[in-house]
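Q: Could you walk me through how to read a structure of this kind, one feature at a time?

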Amino acid sequence: MTALPRGGRPAEALVAVEASIEDRWRLFLEEYGVTAGTKEETDLAEMVVADPSAFAWRLVDAALGRLRCTDCGNELGAGPTGCGKCDQADGFRFAAIEVDKQATPPGTEHGLRVATAVARTRHRYGARARCGFELGLPGLLEGKLPSTAQAQAYRAAINKLSEEDCERLTSFEEVVAKRSGTR
């Protein structure tokens, strides 16, 4: 599991999303009669990564987590930016299937997937991007998608914060309070 340094609700949401990724992978292994930790599991992960557009994003993320980059040695898609194989795998992850849950705004699942990818591979993104996506995790997990105006307002407020504040704050309310001087 990825430990989110900022803590708070974003860290709790990431733990919940990662648990859902692992639960989905466990069911996938059962479906194929494959035991975790075996060569067959690695083969299955390679099959998923070879055609991410045929699988749900949680399966693709789980598969990437079980494979190692042959260039940098990190989890595939999670190596440093500039590692060609990781950059490619990270990009391909977004070809996976996203299905919004019932009664959620269209695009909520995409937002959750992007926020999860950013939170799980923080070193690949800047402090402001990490701040926005990580703070958005709890709401997205609850099926809430900010309006375009809300997202733009959050981004504008985040862009005015110091990098230290971007790493420390744990909610959009704190961002707004910090920006307005009430915190």
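A: We can begin with the elements: helices (H or I, at least four residues) and strands (E, at least two) are DSSP runs, numbered from the N terminus. This is a predicted model, in which local features need pLDDT of at least 70 and side-chain atom pairs count only at pLDDT 80 or more, while totals for chains, interfaces and linings use all residues. Residues are numbered from 1 along each chain as its sequence is written, and side-chain values use heavy atoms, with hydrogens and water left out.

Q: How many helices and strands are there in the chain?
A: The chain has 9 helices and 0 strands, and its pattern along the sequence reads α-α-α-α-α-α-α-α-α. The radius of gyration of the chain is 17 Å, close to the 16 Å that the globule rule gives for 183 residues, so the chain is as compact as a globular protein of that length. That radius is taken over C-alpha atoms, and the globule rule is 2.2 Å times the number of residues to the power 0.38. Taken along the principal axes, the box filled by the C-alpha atoms is roughly 55 × 40 × 25 Å.

Q: What share of the residues in the chain is buried?
A: Buried means under 20% relative accessible area, exposed means over 50%, and partly exposed lies in between (1.4 Å probe, protein chains only). Of the 183 residues in the chain, 42% are buried.

Q: How should I read a salt bridge?
A: Side chains of opposite charge can pair when their charged atoms come close. The term is used here for a side-chain nitrogen of Lys or Arg within 4 Å of a carboxyl oxygen of Asp or Glu, and a search of the whole structure finds 23 salt bridges. One of them joins aspartate 43 to lysine 39, with the closest N and O atoms 2.9 Å apart. Because aspartate 43 and lysine 39 are 4 residues apart in helix H2 (residues 39–50), about one helical turn separates them. Aspartate 43 is partly exposed, at a relative accessible area of 33%, whereas lysine 39 is exposed, at 58%.

Q: Which salt bridge links glutamate 18 to a distant part of the chain?
A: Glutamate 18 forms a salt bridge with arginine 120, and their closest N and O atoms are 2.9 Å apart. The pair links distant parts of the chain, since glutamate 18 lies in helix H1 and arginine 120 in helix H5, 102 residues apart. Glutamate 18 is buried, with a relative accessible area of 3%, while arginine 120 counts as partly exposed at 22%.

Q: Where does the salt bridge between aspartate 61 and arginine 120 reach across the chain?
A: The side chains of aspartate 61 and arginine 120 meet at 3.7 Å, N to O. This pair too links distant parts of the chain, with aspartate 61 in helix H3 and arginine 120 in helix H5, 59 residues apart. Aspartate 61 counts as buried, at 2% relative accessibility. A network of salt bridges links Glu18, Asp61, Asp87, Asp90, Arg93, Arg120 and Arg124.

Q: Is helix H5 largely enclosed or largely open, and why?
A: Helix H5 is largely enclosed by the rest of the structure, because 11 of its 13 residues are buried. Those buried residues include Leu112, Val114, Thr116 and Val118. Contact means heavy atoms within 4.5 Å, and what covers the buried residues of H5 includes helix H1 (8–32), helix H3 (57–65) and helix H6 (127–141).

Q: What is threonine 116 in contact with?
A: Leaving aside its neighbours within four places in sequence, threonine 116 is in contact with Leu14, Val17, Ile21, Trp57 and Leu137. Threonine 116 lies in helix H5 and is buried, with a relative accessible area of 0%.
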